[in-house]
Amino acid sequence: MGSHPKDVEITDEHPKTLLLQKHADYILGYSKKKEDYEYTMTEHFRVSGMYWGITAMDLLSQLHQMNRSEIMDFVRQCQDKASGGFSPSAGHDPHLLYTLSAIQVLVEVDGLSEVDVEGVVRFVAGLQNSDGSFSGDQWGEVDTRFSFCALATLTLLKKLDAVNTEKAVEFVMRCQNVDGGFGTRPGSESHAGQIYCCLGVLSITGQLHRVNGDLLGWWLCERQLPSGGLNGRPEKLPDVCYSWWVLASLTMLGRLHWINAEKMRRFIMATQDPETGGFTDRPGDMVDLYHTLFGLAGLSLLGESGLKRVNPVFCMPQYILDRLAISVQIIST
């Protein structure tokens, strides 16, 4: 079989096993380099970066190495007192994307009691539109990612009844396409990241029966390229983050076994940097926290030893959802 024009080559030079300690060291080192250019340039999504790093450390059973009081000080500063929502860092506008990240961080370090939870609920509920969709912030952009962020945030807070979930589901279903996939809004092309968000909404609300699992499962499986990696839509290069968006979606649909797991594992392992630790989008590129979390989370879904089990809807260790007694719908086969 010849190589795919939109693919990468995996060779024997690439790592084949999980470099657990290297990844923990990389994440710890990242949190200490506050003067670095890379750190400075990530201010506009800092609280999400904190979620990626903390969740990755928890999956690696290294969360105890993180400084909880520093984490709490930072997250508290991100809560906007007027709206109740969270911004990426102090001085920025609050947004649903960062509100979910902040709540995930607070749940992982058991810090919900130290912020204004009612303010968060008020912020999220205030962003639901009359058609059931959610705007990301006061400026009004609508996207199915925001539907997921809203419902996931409220589920973690045990406040899902603060919004109209029936209307939220109806809006998501209007974003489904004839290929079985979902887009950002009605009529937008199917994309693996949006599919994950829309299935997450349906899983949280117990409505997964509304999708054709075979049709959508087939679309998702077709994202696997000869290298073993997954892309987000046809004719794109593979990217390790889709190891999460696609595998988590297939897990929710009960069809994870439909892809070639061994080739998938080989691709994810090849995106590790054996010198610095961390994962890249594809072999040979620069590592970052985002791809490090989703590389580890993808491996966890595949049952990799040495990693805690991840929840396919929330991308958090399963034990945390068990502790909160939060259950989501997964189709069993």
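The chain exposes about 14,000 Å², and carbon and sulfur atoms supply 51% of that area; accessible areas come from the Shrake-Rupley method with a 1.4 Å probe, and for residues only the protein chains shown count as cover. Before going on, a word on the source: this is a predicted model, where local features need pLDDT of at least 70, side-chain atom pairs count only at pLDDT 80 or more, and totals for chains, interfaces and linings use all residues. Residues are numbered from 1 along each chain as its sequence is written, and side-chain values use heavy atoms, with hydrogens and water left out.

Now the fold. The chain has 14 helices and zero strands, where helices (H or I, at least four residues) and strands (E, at least two) are DSSP runs numbered from the N terminus. The radius of gyration is 19 Å, close to the 20 Å that the globule rule gives for 333 residues, so the chain is as compact as a globular protein of that length. That radius is taken over C-alpha atoms, and the rule is 2.2 Å times the number of residues to the power 0.38. Along the principal axes, the C-alpha atoms fill a box of roughly 55 × 50 × 35 Å.

Of the 333 residues, 58% count as buried, meaning under 20% relative accessible area, with exposed over 50% and partly exposed in between (1.4 Å probe, protein chains only). As for contacts (heavy atoms within 4.5 Å), residues 24 or more positions apart account for 69% of those with a separation of 6 or more.

Next, the aromatic side chains. How many aromatic pairs does the structure hold? There are six. Rings of Phe, Tyr and Trp (its six-membered ring) pair if their centres lie within 6.5 Å; planes under 30 degrees apart count as stacked, over 60 as edge-to-face and the rest as tilted.

Take Trp 52 and Tyr 290: the ring centres are 5.1 Å apart and the planes at 75°, so this pair is edge-to-face. Trp 52 sits in helix 3 (residues 46–59) and Tyr 290 in helix 13 (residues 289–301), so the pair ties together parts 238 residues apart in sequence. Trp 52 is buried at 13% relative accessibility, whereas Tyr 290, at 24%, is partly exposed.

Trp 245 and Phe 294 have ring centres 4.8 Å apart and planes at 45°, so that pair is tilted. It links helix 11 (residues 242–252), which holds Trp 245, with Phe 294 in helix 13, 49 residues apart. Both Trp 245 and Phe 294 are buried.

Finally, ring pairs link Trp 52, Phe 148, Tyr 196, Trp 244, Trp 245, Tyr 290 and Phe 294 into a cluster.
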